[in-house]
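Please look through the structure below before reading on. The paragraphs after it go from the whole chain to single residues.

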Amino acid sequence: MTEYAWPDDPSPEQIRREWSATVSALPVGTRINGQVIVRRPFGVFIRIDDVPNAVGLADIGSMPPGASLPALGARVSGEVVWHTDHNCEVRIRLSEWFDHG
């Protein structure tokens, strides 16, 4: 599980404790909105709106060809495509993102 460094982010323990509720609240196919909280070469981690203990991951392979990763703090939207139980991450396919600021 990735450590997050955005104000008010849930701890890894909170994420694990709430995983069942997260999966119930965000079934595959659910449209989400959120904010990029961590940016890595392989993708971005997203704080998902209205599900405070959920963290999404959108990897670069699920983005349109030629797209660049959203910036830290960018507002994003997309769709839940998978749940990775071993690290309690909601996999997201992004459809839109807007720079913060």
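**A walk through the fold**

Among contacts in the protein between residues at least 6 apart in sequence, 61% join residues at least 24 apart; contact means heavy atoms within 4.5 Å. The model is predicted, so local features need pLDDT of at least 70 and side-chain atom pairs count only at pLDDT 80 or more, while totals for chains, interfaces and linings use all residues. Residues are numbered from 1 along each chain as its sequence is written, and side-chain values use heavy atoms, with hydrogens and water left out.

The secondary structure comes to two helices and five strands. Helices (H or I, at least four residues) and strands (E, at least two) are DSSP runs, numbered from the N terminus. Along the sequence, the elements follow the pattern α-α-β-β-β-β-β.

How much of the protein is buried? Of its 101 residues, 46% are buried. Buried means under 20% relative accessible area, exposed means over 50%, and partly exposed lies in between (1.4 Å probe, protein chains only). The protein exposes about 5,500 Å², and carbon and sulfur atoms supply 51% of that area. Accessible areas come from the Shrake-Rupley method with a 1.4 Å probe, and for residues only the protein chains shown count as cover.

The largest nonpolar core has 25 residues, of which L26, V44, I46, I48, I92 and L94 touch the most other members. The elements that give two or more residues to this core are β1 (31-40), β2, β3, β4 and β5. A nonpolar core is a set of buried Ala, Val, Leu, Ile, Met, Phe, Trp, Tyr and Cys residues joined through side-chain atoms within 4.5 Å. Leaving aside neighbours within four places in sequence, I46 is in contact with G34, Q35, V36, I37, A54, V55, G56, A58, V76, I92 and L94.

Now turn to two of the strands. In which sense do β2 and β3 pair? Strand β2 (residues 43-48) pairs with β3 in the antiparallel sense, over five bridges. Two strands pair if DSSP finds at least two bridges between them. F45 stands opposite L57 in β3. Strand β3 covers residues 55-59 and is mostly covered itself, with four of its five residues buried. The two strands form a hairpin with six residues between them.

D50 lies in the loop between β2 and β3. Its phi is near 70°, a positive value in a residue other than glycine. D50 counts as exposed because its relative accessibility is 79%. C88 also has a positive phi, about 55°, although it is not a glycine. C88 is found in the loop between β4 (75-84) and β5 (89-98). Is C88 buried or exposed? C88 is buried, because its relative accessible area is 8%.

The side chains can be read in pairs as well. The structure holds three salt bridges. A salt bridge is a side-chain nitrogen of Lys or Arg within 4 Å of a carboxyl oxygen of Asp or Glu. In one of them, the side chains of E13 and R16 meet at 3.8 Å, N to O. Both residues lie in helix α1 (residues 12-17), three residues apart, which is about one turn of the helix. E13 counts as partly exposed at 46% relative accessibility, and R16 counts as partly exposed at 45%.

Another salt bridge joins the side chains of D49 and R75 at 2.5 Å, N to O. This pair links distant parts of the chain: D49 is in the loop between β2 and β3, R75 is in strand β4, and they are 26 residues apart. D49 is partly exposed at 29%, and R75 is partly exposed at 34%. The side chains of D59 and R91 also meet in a salt bridge, at 2.3 Å, N to O. D59 lies in strand β3 and R91 in strand β5, so the pair ties together parts that are 32 residues apart in sequence. R91 counts as partly exposed at 23% relative accessibility.

Finally, the structure holds one aromatic pair. F42 and F45 form this pair, which is edge-to-face, with 6.1 Å centre to centre and 90° between the planes. Rings of Phe, Tyr and Trp (its six-membered ring) pair if their centres lie within 6.5 Å; planes under 30 degrees apart count as stacked, over 60 as edge-to-face and the rest as tilted. F42 is partly exposed, with a relative accessible area of 43%, whereas F45 counts as buried at 2%.
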